[in-house]
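I opened this entry to record what I looked up in the structure, going from confidence to one helix and then to the ligand.

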Amino acid sequence: MTIEDRAARLRVLEKEASACINCRLHQGRTTVVFGDGAPNADLMFIGEGPGQHEDLQGVPFVGRSGQLLSTLLERVGLSRPEVYIANVVKCRPPGNRDPRQDEIDACKGYLVEQIKLIDPAVVVTLGNFSTKLLLKTQVGITRMRGQAYPWWGRHVVPTFHPAAALRNGPRVVEEMVSDLRLATQVIEQRTLPVEDAPGEARPPEQIGLFQ
Ligand code: SF4
């Protein structure tokens, strides 16, 4: 698929999401925060859900967390326009609570389609929530990070949420840089076959993301 085709199909999907009322989160949103970045990105970030600034601006990872993420990308030789950033749910949960399972289920079609269209070599999950969800684990981010996990024909590299780095200081920042370096190394080696877990590679529409 050409980059123009991907961009066009993402725009159609974003337009659809912008009018979505498939779960209760539509009631409190200002804007649907669909996603942002390159339609053919090798590296895709997945966070939890929009916060206050994102809800107001309609863009994921703005504010201090977004600024830190941009700085971390620069440290590994990337820029924000080169990557794609999305969240598990596209509307802000009230009070920044975790999304509930029925909200995740209602919204997952958008994320699956984004992964399918962008087709990144590496998905970086930001924080506990998206890491546990995608990798189906109860192990916390502190133990999960620092490794690349084969995942449906690509890899997941978990790392901290930038908000955690802002709270906890330089040690967490440096661990995030290390994780992003790992992600770039995995991308460079992407011609190597990826062993899927479990079973054989499957098309993204069959990804059992959140079951
Ligand atoms: S969170 Fe997702 S499913 Fe729920 S209203 Fe927003 S776009 Fe629709």
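What is the mean pLDDT of the chain, and what share of its residues reach 70 or more? The model is a predicted one, and I noted a mean pLDDT of 91 for the chain, with 90% of its residues at 70 or more.

I then turned to residues 196-206, over which pLDDT stays under 50 and for which the model has 15 contacts beyond four places in sequence. Where pLDDT is low, the predicted coordinates should not be read in detail.

I listed its buried residues as Met176, Asp179, Leu180, Leu182, Ala183 and Val186. Seen down the axis of α8, these buried residues fall within an arc of 155 degrees, so they line one face of the helix. On the face turned away from that buried side I found the exposed residues Pro170, Arg171 and Glu188. When I asked what covers the buried residues of α8, the elements included β2 (43-47), α3 (63-75), β4 (122-126), β6 (154-159) and α7 (162-168).

Last, I checked the ligand, which has 14 residues around it, with Cys20, Cys23, His26, Cys91 and Cys107 coming nearest. I noted that helix α4 (residues 101-118) gives the largest share of this shell, 3 residues, and that the shell divides into 10 nonpolar, 2 polar and 2 charged residues.

Conventions:
Residues are numbered from 1 along each chain as its sequence is written. This is a predicted model: local features need pLDDT of at least 70, side-chain atom pairs count only at pLDDT 80 or more; totals for chains, interfaces and linings use all residues. A residue is buried if 20 or more other C-beta atoms lie within 10 Å of its own, exposed if 12 or fewer, and partly exposed in between; C-beta atoms are placed from the backbone. Helices (H or I, at least four residues) and strands (E, at least two) are DSSP runs, numbered from the N terminus. The arc is that of the directions from the helix axis to the C-beta atoms. Two residues are in contact if their C-beta atoms, placed from the backbone, lie within 7 Å. pLDDT is the predictor's confidence in each residue, from 0 to 100. A residue is near a molecule or strand if its C-beta atom, placed from the backbone, lies within 6 Å of it. Ala, Val, Leu, Ile, Met, Phe, Trp, Tyr, Cys and Pro count as nonpolar, Asp, Glu, Lys and Arg as charged, and the others, Gly among them, as polar.
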